[in-house]
Amino acid sequence: MKQQLLDLFNKRFACHLFQADRPVAAADLATILEAGRLSPSSFGLEPWKFVVLTSPRHKHSLQAACFQQPQVGTAAAVVVILAKLAEMHPDSDYTRRLLAREYPGDQFAGALQNYRGFHAATDVKAWSVSQCHIAAANMMTAATAAGLDSCAIGGFDPVEVRRQLDIDPARHEPALILAFGYCAAAASEKQRLPLDELVEYR
Ligand SMILES: Cc1cc2nc3c(=O)[nH]c(=O)nc-3n(C[C@H](O)[C@H](O)[C@H](O)COP(=O)(O)O)c2cc1C
C-alpha cells in the first residue's frame, strides 16, 4: 500500500498534450471528483466547487483563456476548481450549515465566534484558493490511480475564465484548472530535489 502510493506519485506527470479523440470513462471521472470531495478543508468548510467541461466547444474556448495551452483543448475532461468566497462569510447560510455539522450542539456558538475572528483576520481569497490546491492534488493522484494522465494549469487569465464560465466574482475565484485524459506523449524523467535538500529534522 505504502509503495503503491509512492508509485502513483512517481507516475503522475504534467501532460502537455492529450490524445484528443480518447474519452475518459464516466466512472473514472467520478473517482477523480470523489477524491476532490473527500479532501480536507479548514474548519471543514469545503471551499471548492468543481465545474466539469467535456464538450469540445467549451474546452476550446477555455484553451484561449489559458494562453492557448494545448492540453486544455485536447483533454477529455477539464475541471475548473472554483474557490468559494461569499459563502465563506461567517453569516452565510452555507458556513453556518457546515460549521454546525463540524461543531454540533454546544460547540457551535464557540466555533462560530472563533471562525468570525479568523475570517476577519484572513485573506479569504488566498485561503480558499490554497485549499482548492489540496483538492487538486488529490484529484490528480486519483486520476493516476485510474490510469489517466493530468495537468494542473495555473496559467490562465482569471478575468477571461470568469467571463466564459459566467462566474460572479463576489462568489467564486478560479483557483486552478485540471486537464484529464490520456497523454499523447510519454512522461519525461521525474526531476525532484533530493530529500536532504528539503527536510530539516530538529
Ligand atoms: C499550481 C500549479 C500550476 C501549474 N500550471 C501549469 C500550467 O499552466 N501549464 C503547464 O503546462 N503546467 C503547469 N503545471 C505543471 C507543472 O509545470 C509541473 O507539475 C512541474 O513542472 C513538475 O513536473 P511534473 O508534474 O511532470 O512532475 C502547474 C502545476 C501546479 C502545481
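A polar contact, as the term is used in these legends, is a pair of N or O atoms within 3.5 Å. The model shown is a predicted one.

**Figure 1. Polar contacts between the protein and the oxygen atoms of the ligand.** In the side chain of Arg192, an N or O atom is 3.0 Å from an oxygen atom of the ligand, a distance that falls within the 3.5 Å cut-off for a polar contact. His16 also takes part, with a polar side-chain atom that lies 3.0 Å from an oxygen atom of the ligand.

**Figure 2. A backbone contact to the ligand, and the cover that the protein provides.** At Gly154 a backbone N or O atom lies 2.8 Å from a nitrogen atom of the ligand. On its own the ligand has 620 Å² of accessible area, and the protein covers 58% of that area.

**Figure 3. The shell of residues around the ligand.** There are 15 residues around the ligand, and those that come nearest are Ala14, Gln69, Ala152, Gly154 and Lys190. By residue type, the shell divides into six nonpolar, six polar and three charged residues. Strand 3, which is formed by residues 149–153, gives the most to this shell, contributing three residues.

**Figure 4. The crossing of helix 1 and helix 7.** Helix 1 (residues 2–11) and helix 7 (residues 124–145) have axes that come within 9 Å and cross at roughly 100°, and the two helices are therefore roughly perpendicular to each other. On the side of helix 1 the contact is made by Leu8, Phe9 and Lys11, while helix 7 brings Thr141, Thr144 and Ala145 to it. Taken by type, the residues of this contact between helix 1 and helix 7 comprise three nonpolar, two polar and one charged.

**Figure 5. The two ends of helix 8.** Helix 8 covers residues 158–165, and at its start a side-chain oxygen of Asp157 reaches to within 3.0 Å of the backbone nitrogen of Val159. After helix 8 the chain continues with Asp166, a residue whose phi is positive, near 55°.

**Figure 6. The protein chain as the setting for the close-up views.** The secondary structure of the protein chain comes to nine helices and four strands, and these elements, read along the sequence, follow the pattern α-α-β-α-α-β-α-α-α-β-α-β-α. The C-alpha trace of the protein chain spans about 55 × 45 × 30 Å along its principal axes.

Methods:
Residues numbered from 1 in each chain as written. Predicted model: local features only at pLDDT ≥ 70, side-chain atom pairs only at ≥ 80, totals over all residues. Heavy atoms only, no water. Near = heavy atom within 4 Å. Polar contact = N/O pair within 3.5 Å; in protein donor to acceptor, adjacent residues only side chain to side chain. Areas by Shrake-Rupley, 256 points an atom, 1.4 Å probe, with all protein chains shown as cover. Nonpolar A, V, L, I, M, F, W, Y, C, P; charged D, E, K, R; others polar. Axes fitted to C-alpha atoms, helices over the stretch in contact; angles between N-to-C directions. Parallel < 35°, antiparallel > 145°, perpendicular 65-115°, else oblique. Contact = heavy atoms within 4.5 Å.
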